[in-house]
Amino acid sequence: MNQLRKIPLTNSSRPPNDKNQPVVLQPVQPKLAGSTRSKRFRFVKPNRSQLNMLAVLGLLGIAIAFWFLAPRDWIAPNSEGLTAGPDGSISNGNNRSNRDVSTPFKDSQQERAREAAQVIIDEFTEYQDIFDTNKFGTEVHLAKYDAILARANNGDALFGERLFDDANSEYALALQEIKQLMDDMNTEFDHWFEQGVAALQDRDYETSLDSLSRAQAIKPLNREVLAKLDRVELLPRVNELIRESDRSVLKEEWAQALEHLNEASELDPLTLGLSERRDKILGYITSQDLNDALTAAHEQLAANNFDVSEQIFGEILADFPENTAAKTGLEQVNRARIAAKIEALRIAGLEKENELDMRGALKIYDEALELDNSLQFANEGKQRVFEIVSVINQMNTTLKDPHALSADESYDEAKETLETAQSHRGHSDEYDRLLQNFTDLVSYAGTHLPVVLVSDDITEVTLTTSHRIGSFQRHELSLRPGRYTLHGSRDGWVDIRKTIIVQQDMEPVSIVCEEQI
């Protein structure tokens, strides 16, 4: 609600810039008649009764003059004790009397704000009744719901403080949020309900139970969900009966197979596929030749005679295109044939790795992944081959130039290579021999050996891979094995550069500028 505008008060005792002090009205007394300087009066000393009469008449005159001459806002009945607030509104001060003050403009604004709020609150209450009556919502939804109610309660508090615009804004936001919450819940409920129904039709117990339970958590009193959950409760037994029926079919126990299907139908007649299964079983009963053919095909499959088994199943399907057992048999033949081939490729790939024929191993693993790109052994085998090839190349490169390990960067890389290489220890005998040689080299490269340098005490010597040494006659260093470069310089003399190989029991190294410029 818009704040009341502050009415400027004249003849006030409050300083003009002090907005927070209460306004105290200072009445201005009208001038008495004949008090101007243009008139002169003769002084006569009055008696006591005359003085009293004059006092009464004077006071009466002052009151009448004040009434007619003073500004209206000085004598307004509702301005006594008013206090101007910092926001420009006027409120009751501490000296205000207890009598009621009529504020029709404020009251009309409050009534209009109340009417506007009531429209929003009525619609909000409808959603609230739906939410509470149906016991909607999970803990997550209820937490959001509580936050929405808190917003509505905050609107009430603001309304009580006569902040009508802010209150209505809170009410409107609460209504918007409860609508959105209801939409989100309905969307989430529909998702889980549809997923649960689809899983129930597929006889997927775990998925259907999980999905429908999630839907029930959102709408616990929904009859459709409760009915579907009743069916889900029967699903494990229904699935078991169907599996038992299939097993009985494979055993040619036709009566038992039909009994299992009938029991499953009594538990849940809405289960999909029961009538089809029953019809197929009846067809099996009328065709013993078909049963014999199926038996023979499975016997060939068990013996890994894939071509023969596939031929028999194909002949059955030529006569009975919808025969489930024959279709399943063909799928089993294909899976078994692929599994046998994959196993052979797995063994061949490992043999190539043991021979360190990494190119051949990669070719075999790629062939396996063409059959099934999710094969773990093939994916891991390729990764292992790439890593072993890389680490073998790094070890061979280092072993060909072991003196390069004198550089700290090369030495650190060699240690990292060694750590990776050791993770494949035992891969093959040839690999382990290479790894042992590399391990010995890295271990040796990490030791420090004494090195003696001799000079002429004039030549400035720098170890280019380490630091400046200066001039000396004899200088001792402790360096890791490997290749180093010494640089000597002297004013007026040709610089000298010497490469040395640090190794055990080495002779002193001389570094002297010997040629003048």
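1. Leu356 counts as partly exposed, at 23% relative accessibility. Partly exposed sits between buried (under 20% relative accessible area) and exposed (over 50%), with a 1.4 Å probe and protein chains only. The residue lies in the loop between α11 (324-354) and α12 (358-371). Leu356 has a positive phi of about 60 degrees, although it is not a glycine. Most residues other than glycine have a negative phi.

2. A note on the source. This is a predicted model, in which local features need pLDDT of at least 70 and side-chain atom pairs count only at pLDDT 80 or more, while totals for chains, interfaces and linings use all residues. Residues are numbered from 1 along each chain as its sequence is written, and side-chain values use heavy atoms, leaving out hydrogens and water.

3. Asp505 also deserves a look. Its phi is positive, about 55 degrees, and it is not a glycine. Asp505 lies in the loop between β8 (493-502) and β9 (509-510). It is exposed, with a relative accessible area of 79%. Helices (H or I, at least four residues) and strands (E, at least two) are DSSP runs, numbered from the N terminus.

4. Is Ser245 buried or exposed? Ser245 is buried: its relative accessible area is 1%. It lies in helix α6 (residues 223-250).

5. Which residues does Ser245 touch, leaving aside its neighbours within four places in sequence? It is in contact (heavy atoms within 4.5 Å) with Ala257, His260, Leu261 and Ile281. Take His260: it is 15 residues apart from Ser245 in sequence, and the two are 5.4 Å apart in space, C-alpha to C-alpha.
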